[in-house]
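Subject: Structure handover

Hello,

Here is the structure I promised to pass on. Please open it first, then read my notes below.

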Amino acid sequence: MQSFDIKDFFNECTHSSQHAFEAFERLLDAHNKDQWVSLGKLLRSIKNHYYQLDQAQQKALHFGFTEQLLNDYHNKSKTLFLLDFPSTYTPEEWSYTFFEGLNRYSLENFFARKMIEVGCGNGWISIAIAI
């Protein structure tokens with residue numbers, strides 16, 4: 001992958017939602033399947049730099065992060081950081097209730113079953129159950 005400049009990346013993400021989406025898409029395309037660790041570090045760096053910006057700078061970007069606090073089946077607390085674009089619906093209050101209901105079941109209840117999440121959100125419920 002070519003060198004990555006976070007300032008150039010953030011600048012591109014100020015142009016439009018489409019530009020922001022394409023910038024993230026290029027990051028994914030630039031990493032092979034065996035480079036997930038380096039991609040994860042890069043995304044974590046983007047998240048950390050994002051949170052160092054002031055609120056006006058964050059609003060200028062056409063993406064954001066939602067912090068989703070979770071309690072897993074074993075009642076251990078986790079924080080899920082979700083990448084959001086303007087075209088994605090962020091979690092609403094009722095979705096927490098839905099997740100809490102699903103989370104009461106052990107993972108064994110989901111084995112050998114096909115699960116489908118239908119919606120236009122960021123898929124946080126499926127991700128939360130998978131982790």
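Is Tyr51 buried, partly exposed or exposed? Tyr51 is partly exposed, at a relative accessible area of 34%. Here buried means under 20% relative accessible area, exposed means over 50%, and partly exposed lies in between (1.4 Å probe, protein chains only).

Some ground rules. This is a predicted model, in which local features need pLDDT of at least 70 and side-chain atom pairs count only at pLDDT 80 or more, while totals for chains, interfaces and linings use all residues. Residues are numbered from 1 along each chain as its sequence is written, and side-chain values use heavy atoms, with hydrogens and water left out.

The overall picture

The chain has six helices and two strands. Both kinds of element are DSSP runs, numbered from the N terminus: helices are H or I with at least four residues, strands are E with at least two. From the N terminus, the order is α-α-α-α-β-β-α-α. The C-alpha atoms fill a box of roughly 45 × 35 × 25 Å along the principal axes. Of the 131 residues, 30% count as buried. The accessible surface is about 9500 Å², and 52% of that belongs to carbon and sulfur atoms. Areas come from the Shrake-Rupley method with a 1.4 Å probe; for residues, only the protein chains shown count as cover. Take the contacts between residues at least 6 apart in sequence: 53% of them join residues at least 24 apart. A contact means heavy atoms within 4.5 Å.

Aromatic rings

Rings of Phe, Tyr and Trp (its six-membered ring) pair if their centres lie within 6.5 Å; planes under 30 degrees apart are stacked, over 60 edge-to-face, and the rest tilted. The count by this rule is 15 aromatic pairs. One of them joins Tyr51 and Phe65, with centres 6.2 Å apart and planes at 35°, so this pair is tilted. Tyr51 sits in helix α3 (residues 36-52) and Phe65 in strand β1 (residues 64-71), so the pair ties together parts 14 residues apart in sequence. Phe65 is buried, at 18% relative accessibility.

Tyr51 also pairs with Phe81, and this pair is edge-to-face: 6.4 Å from centre to centre, 65° between the planes. Phe81 lies in strand β2 (residues 77-84) and Tyr51 in α3, so here the parts tied together are 30 residues apart in sequence. Phe81 is partly exposed, with a relative accessible area of 35%.

Lys47 lies over the face of Phe81, 4.0 Å from the ring centre. The rule asks for NZ of Lys or CZ of Arg within 6 Å of the ring centre and within 35 degrees of the ring normal.

Tyr51, Phe65 and Phe81 belong to one aromatic cluster, which also includes Phe4, Phe9 and Phe10.

Start with α3. Its 17 residues should span 24 Å at 1.5 Å a residue, and its end C-alpha atoms are 24 Å apart, which agrees. The expected span is 1.5 Å times one less than the number of residues. Which residues of α3 are buried? They are Leu39, Leu42, Ile46, Lys47 and Tyr50. The arc is that of the directions from the helix axis to the C-beta atoms. Val37, Lys41 and Gln52 are exposed on the other side of α3. The cover over the buried residues of α3 includes α1, α2, α4, β1 and β2.

Now helix α2 (residues 17-29). Its buried residues are Ala20, Ala23, Phe24 and Leu27. They cover an arc of only 90° around the axis, which puts them on the same side of α2. These buried residues pack against α1 (6-12), α3 and β2.

Two single residues

Gly64 is in strand β1. Gly64 is buried, with a relative accessible area of 10%. Leaving out residues up to four places away in sequence, Gly64 touches Tyr50, Leu82, Leu83 and Asp84.

Gln58 is in helix α4 (residues 55-60). Gln58 counts as buried, at 18% relative accessibility. With residues up to four places away in sequence left out, Gln58 touches Tyr50, Tyr51, Leu53 and Phe63.

Best wishes
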